[in-house]
Amino acid sequence: MTNTITTQGALRILLLGASGTTGRAVARAGIAAGHAMVCPVRCGTDVAALPQGPTYTETDFADAHWLASVQDRCGACDIVISCVASRSGAPKDAEAVDYGINSAALVYARQAGVKQFILLSAICVQKPRLAFQRAKLTFEADLIASGLAYSIVRPTAYFKSLSGQVDRLRAGKPYLLFGDGRLTACKPISDDDLAAYILGCIDTPERMQAILPIGGPGPALTPRDMGAYLFRALGRPPRYRRVPPALFRGMAAVLGVLELAFPPLRTKAEFLRIAHYYATESMLVWDPATETYDAEAAPETGSDTLFAHYDRLIASGASDARPGHAMF
Ligand SMILES: NC(=O)c1ccc[n+]([C@@H]2O[C@H](COP(=O)([O-])OP(=O)(O)OC[C@H]3O[C@@H](n4cnc5c(N)ncnc54)[C@H](OP(=O)(O)O)[C@@H]3O)[C@@H](O)[C@H]2O)c1
């Protein structure tokens, strides 16, 4: 296997998760770069609402032969980019999507002689405590062991995950903080900057056979920084409500015991563990030697800032609140 791909002209890229936030941005960027984008999407997806240019193909992901069908319909591809991910983080869904769909794509990539597999993962897998993190890590290990050329992109936090409170503040409600609002920090990255970084992995030797933590432009921001900026931008006096993160841990612990007797409670307990995780863990590079998060060590890309995004939301009156959306 070689780490160098000679890419003359346009590539054919199989893009998984093209209907998601990052997938849409990658689809747009791929088309703008002149590539042919082949995008399997779930049956019933409103493809008219997705970026124009890619070939979307409705796919039954429960069918063991779904990738062979995609190849029959759309032809072989040079590169796989996977932005597919469980939308809930529920253990069964993460196993089926973050591990299962990606594993099928890996089998296809090896059989079809794909030149590079680019995986969108998440920086939080460096301290795995949750089912979806373990599913992602297990697949990362399979990809690394596969012998394929790979790039594993682990971004910090997306703008959408940090914009849900704009509507609360507009409605005159206080900004919700965990602890004093300085328990965690991240370097937010925009969809388009992340998409450019992902496409930039193609044929870039220093981004191949590599795990790539990546954030947007610094400095690292705490929730307190974000709240303070939003109040200033809205011209309102700051008003905060503190939520103790231990609340989630306590409720998860209770459900964790009950789930032994009532297995359906497992998913609810996991959601509380997810909430506690994001209330208390930074999305920065973890230094196991000092057992601290290191903002300086988190690489940066792009130029769009979270505060510029907030300014755009406030100026346009638009909402970035997405039901059911979480950090993962
Ligand atoms: N949010 C953050 O701040 C953050 C930070 C760092 C890393 N990440 C990571 O970034 C990755 C992508 O996040 P995102 O926000 O772009 O994802 P997203 O918007 O939730 O999109 C997920 C994609 O996966 C597809 N998908 C989900 N379940 C499926 C299933 N059962 N069968 C087929 N397709 C399925 C979705 O299709 P449908 O449209 O049909 O549902 C969609 O295309 C995740 O791995 C996440 O952990 C997120």
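# Notebook: a predicted model, read piece by piece

**Entry 1. A185.** I looked up A185 and placed it in the loop between β7 and α6. The model I am reading is a predicted one. Is A185 buried or exposed? I counted 20 C-beta neighbours inside 10 Å, and the cut-off for buried is 20 or more, so A185 counts as buried. I then listed what A185 touches, leaving out residues up to four places away in sequence: A220, L221, T222, S282, L284 and A295. I also checked A185 against Y158, which is 27 residues away along the chain; their C-alpha atoms are separated by 13 Å.

**Entry 2. The whole chain.** I stepped back to the protein as a whole and noted ten helices and eleven strands. The radius of gyration is 20 Å, close to the 20 Å that the globule rule gives for 328 residues, so the protein is as compact as a globular protein of that length. Along the principal axes, the C-alpha atoms fill a box of roughly 55 × 50 × 45 Å. I wrote down that 41% of the 328 residues count as buried. For contacts between residues at least 6 apart in sequence, I found that 76% join residues at least 24 apart.

**Entry 3. Helix α6.** Seven of its nine residues are buried, so α6 is largely enclosed by the rest of the structure. The buried ones are D191, D193, L194, A195, Y197, I198 and L199. What covers them? I found that the cover includes the helix α1 and the strands β4, β5, β6 and β8.

Setting aside neighbours within four places in sequence, I198 is in contact with V26, I81, I118, L120 and V153.

**Entry 4. The nonpolar core.** I198 came up again here. The largest nonpolar core has 88 residues, and I198 is among those with the most contacts inside it, together with L15, V26, V80 and V153. Which helix or strand gives this core its largest share? It is α3, with seven residues.

**Entry 5. Around the ligand.** I counted 24 residues surrounding the ligand, and the closest are S19, G20, T22, A85 and A122. By class, the shell has 13 nonpolar, nine polar and two charged residues. I noted that α1 (21-32) and α3 (91-111) each supply at least two residues of this shell. The largest share, three residues, comes from α1.

**Entry 6. G17.** I looked at G17 next, in the loop between β1 and α1. G17 has 23 C-beta neighbours inside 10 Å, which means that it counts as buried. Apart from neighbours within four places in sequence, G17 is in contact with G23, S82, C83, V84 and A85. One of these, C83, is 66 residues away in sequence, yet the two C-alpha atoms are 4.8 Å apart in space. A85 was already in my notes as one of the closest residues to the ligand.

**Entry 7. Helix α9.** I took the length of α9, residues 265-280. This helix has 16 residues and reaches 23 Å from its first C-alpha to its last, close to the 22 Å expected at 1.5 Å a residue. Which residues of α9 are buried? I listed E270, R273, I274, A275, H276, Y277, Y278 and A279. Their cover includes the helices α3, α4 and α8 and the strand β7.

- G218 and P219 are joined by a cis peptide bond, with omega about 0°. I placed P219 in the loop between β8 and α7.
- Q209 is not a glycine, but its phi is positive, about 55°. I found Q209 in the loop between α6 and β8. With 14 other C-beta atoms within 10 Å, Q209 is partly exposed.
- E291 is not a glycine either, and its phi is positive at about 55°. E291 sits in the loop between β10 and β11. Is E291 buried or exposed? I counted 7 C-beta neighbours inside 10 Å, so E291 counts as exposed.

Notes:
Residues numbered from 1 in each chain as written. Predicted model: local features only at pLDDT ≥ 70, side-chain atom pairs only at ≥ 80, totals over all residues. Near = placed C-beta within 6 Å. Helix = DSSP H or I, 4+ residues; strand = E, 2+ residues; numbered from the N terminus. Nonpolar A, V, L, I, M, F, W, Y, C, P; charged D, E, K, R; others polar. Expected span 1.5 Å × (residues − 1). Buried ≥ 20, exposed ≤ 12 C-beta atoms within 10 Å, placed from the backbone. Contact = placed C-beta atoms within 7 Å. Core = buried A, V, L, I, M, F, W, Y, C linked by C-beta atoms within 7 Å. Rg over C-alpha atoms; globule rule 2.2 N^0.38 Å.
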